[in-house]
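Trainee: I would like to learn how to read a protein model step by step. Could we go through one together, with the general idea before each case?

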Amino acid sequence: WIMMVHEGHGAMAAAAGAGGAGGAAGLPVLQVYVDAQVLRHVLDGDESYGLKPSRLCENHPELRRNRILAALVERMRGGARVECFGVPAGRPSKDLSFAAVVHSERLLDFYCTAYARFEREAMSDLPFMDNPEHRGFVPFHFTREDPGPRRAVGDASARPHVEAELSFFATDRDTPIDAETCEELEQDLAVLRAAIQAVLEGGQLVYAMPTHPGHHASSMHFGGYCFLNYAACAAAHLTLARHRVGILDIDYHGGDGTLYLRRDLGDALCAAFVSIHAGRDYPYVDFGEEHGIELPGGVSWSHGYSQALDAAVEKILAAPGGITVLVVSLGLDTLAGDPEARPHAAFALKPTDFTMIGQRLRSLGVPLLVMQEGGYQFEPHLVPTAVASCLVPEATASTPS
């Protein structure tokens with residue numbers, strides 16, 4: 001079951017399904033899917049729910065999620081066409097199998113066992129800890145050779161030491177695994193599953209709000225603050241449901257995980273994939289002309305970005321047979337001044353520019369499934385404003401569910 005809130009209801013009410021296709025002046029309803037506990041707290045005015053001790057980086061995904069949701073709730077209460085669906089957490093089961101359509105089962109198992117193994121096998125080895133307060137498990141070194149299951153004296157099925165596996169699976173020290181990671185990923189997948197189902201049931205504008213971003217995660221590797229590639233996972237499941245799926249990545253940092261999965265899985269993942277991103281910043285990967293549009297530093301909406309968006313959309317629409325669903329990796333680190341963008345490569349978009357981005361994507365006439373990626377400007381509320389500008393259709397009337 002899913003808890004739903006929309007204008008006209010004073011409290012959460014159970015909703016059996018989701019439509020969201022109609023609306024005033026033909027505008028769709030924005031259907032927002034998020035953890036039910038997060039929704040409850042934000043509805044009560046609490047934007048601090050789930051925040052963790054400071055990580056040694058600019059990544060604060062819980063704060064981003066909460067503030068974006070608060071901005072959308074404010075729009076909803078003001079009469080905008082927004083419905084919020086709280087996806088309840090089931091009993092923790094350490095089951096990430098929904099993501100096995102794109103990720104190695106070994107990696108998924110690692111997420112659910114790594115932290116306990118770190119405490120047991122490595123005794124919380126300090127060089128493998130991001131900081132004593134957070135106690136996140138990060139690599140001390142990296143290896144390109146897969147340690148794989150190996151033979152051990154007296155145990156032919158013994159797995160490698162947990163630090164050896166981490167040093168292979170991880171691509172950086174900025175994506176710590178902690179005691180809650182597996183449970184968070186389980187809940188993220190529950191949110192994703194509900195959002196996919198909404199699209200399959202006719203939703204035209206669906207926004208999935210997992211806690212963590214995803215587009216840097218590949219089949220066997222995680223990093224760039226990403227563990228599971230939610231956009232790729234959604235695309236693969238929609239493809240299995242006989243949709244022709246396009247993936248558009250508009251995060252400032254190129255979606256290299258999605259690129260690698262597209263190369264590995266081909267049309268089993270999606271019909272087309274294009275990333276618009278900075279050419280001189282992380283992850284420093286050549287996407288090629290088919291999948292990448294690299295932009296220089298200082299690009300603004302009127303000087304380069306709108307043209308790039310049109311070109312990306314044209315590439316996706318040119319896929320054989322066209323597309324029936326567009327999955328969008330929405331990053332807000334394209335905003336001017338984002339702290340995770342290098343000064344020489346940073347973009348210069350404004351929150352109001354995202355209104356045009358949203359209008360352009362809705363004009364395609366296919367269902368949109370939007371996945372939250374990056375965006376690191378939390379003061380003032382630039383990121384939440386940009387998301388609301390992009391996703392909330394411009395209408396003041398609201399209709400009952």
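Trainee: How many helices and strands does the protein have?

Mentor: Please keep in mind throughout that this is a predicted model. The protein has 11 helices and 10 strands, and buried residues make up 59% of its 401 residues. Among the contacts between residues at least 6 apart in sequence, 77% join residues that are at least 24 apart.

Trainee: Which cysteines form a disulfide, and how far apart are their sulfur atoms?

Mentor: The general idea is to look for a pair of cysteine sulfur atoms within 2.5 Å. By this rule the count comes to 1 disulfide, and the pair is Cys112 and Cys182, with sulfur atoms 2.3 Å apart. The pair links distant parts of the chain, since Cys112 belongs to helix α3 (residues 105–121) and Cys182 to helix α5 (residues 181–200), 70 residues apart. The link of Cys112 and Cys182 is right-handed, with 65° about the S-S bond, and both cysteines are buried.

Trainee: Is Cys270 buried or exposed?

Mentor: Here the reasoning needs a cut-off: a residue is called buried when its relative accessible area is under 20%, and exposed when it is over 50%. Cys270 has 1% relative accessibility, and therefore counts as buried. Cys390, with a relative accessible area of 3%, is buried too.

Trainee: Why is helix α11 described as largely enclosed by the rest of the structure?

Mentor: Helix α11 (residues 382–391) is largely enclosed because 8 of its 10 residues are buried. Among them are Val383, Pro384, Cys390 and Leu391. The buried residues of α11 pack against several elements, including β3, α2, β9 (325–330) and β10 (368–372).

Trainee: What is the volume of the largest pocket, and which residues lie nearest its centre?

Mentor: Rolling a probe the size of a water molecule over the atoms shows where empty space is left. In this model the largest pocket has a volume of about 560 Å³. It is lined by 31 residues, of which Asp35, Ala89, Glu183, Glu184 and Gln187 lie nearest its centre. The elements that give two or more residues to this lining are β3 (30–35), α1 (36–43), α2 (61–77) and α5, and the largest share, 9 residues, comes from α5. By class, the lining of the largest pocket divides into 12 nonpolar, 7 polar and 12 charged residues.

Trainee: Which residues are closest to the centre of the second largest pocket?

Mentor: The second largest pocket has a volume of about 280 Å³. Of the 19 residues that line it, the closest to its centre are Gly224, Tyr225, His253, Tyr282 and Glu340. Its lining has 6 nonpolar, 5 polar and 8 charged residues.

Trainee: Where is Lys94 placed, and is Lys94 buried or exposed?

Mentor: Lys94 is in the loop between β4 (82–87) and α3, and phi of Lys94 is near 55°, again a positive value in a residue other than glycine. At 57% relative accessibility, Lys94 counts as exposed.

Note on methods: Residues are numbered from 1 along each chain as its sequence is written. This is a predicted model: local features need pLDDT of at least 70, side-chain atom pairs count only at pLDDT 80 or more; totals for chains, interfaces and linings use all residues. Side-chain values use heavy atoms; hydrogens and water are left out. Helices (H or I, at least four residues) and strands (E, at least two) are DSSP runs, numbered from the N terminus. Buried means under 20% relative accessible area, exposed over 50%, partly exposed in between (1.4 Å probe, protein chains only). On a 1 Å grid over the protein atoms alone, a cavity is a set of points where a 1.4 Å probe fits but cannot get out, and a pocket is an open set with protein on both sides within 12 Å along at least five of seven lines; lining residues have an atom within 4 Å of a point. Grid points are joined across faces, edges and corners, and a volume is the space filled by probe spheres set on the points. Ala, Val, Leu, Ile, Met, Phe, Trp, Tyr, Cys and Pro count as nonpolar, Asp, Glu, Lys and Arg as charged, and the others, Gly among them, as polar. Contact means heavy atoms within 4.5 Å.
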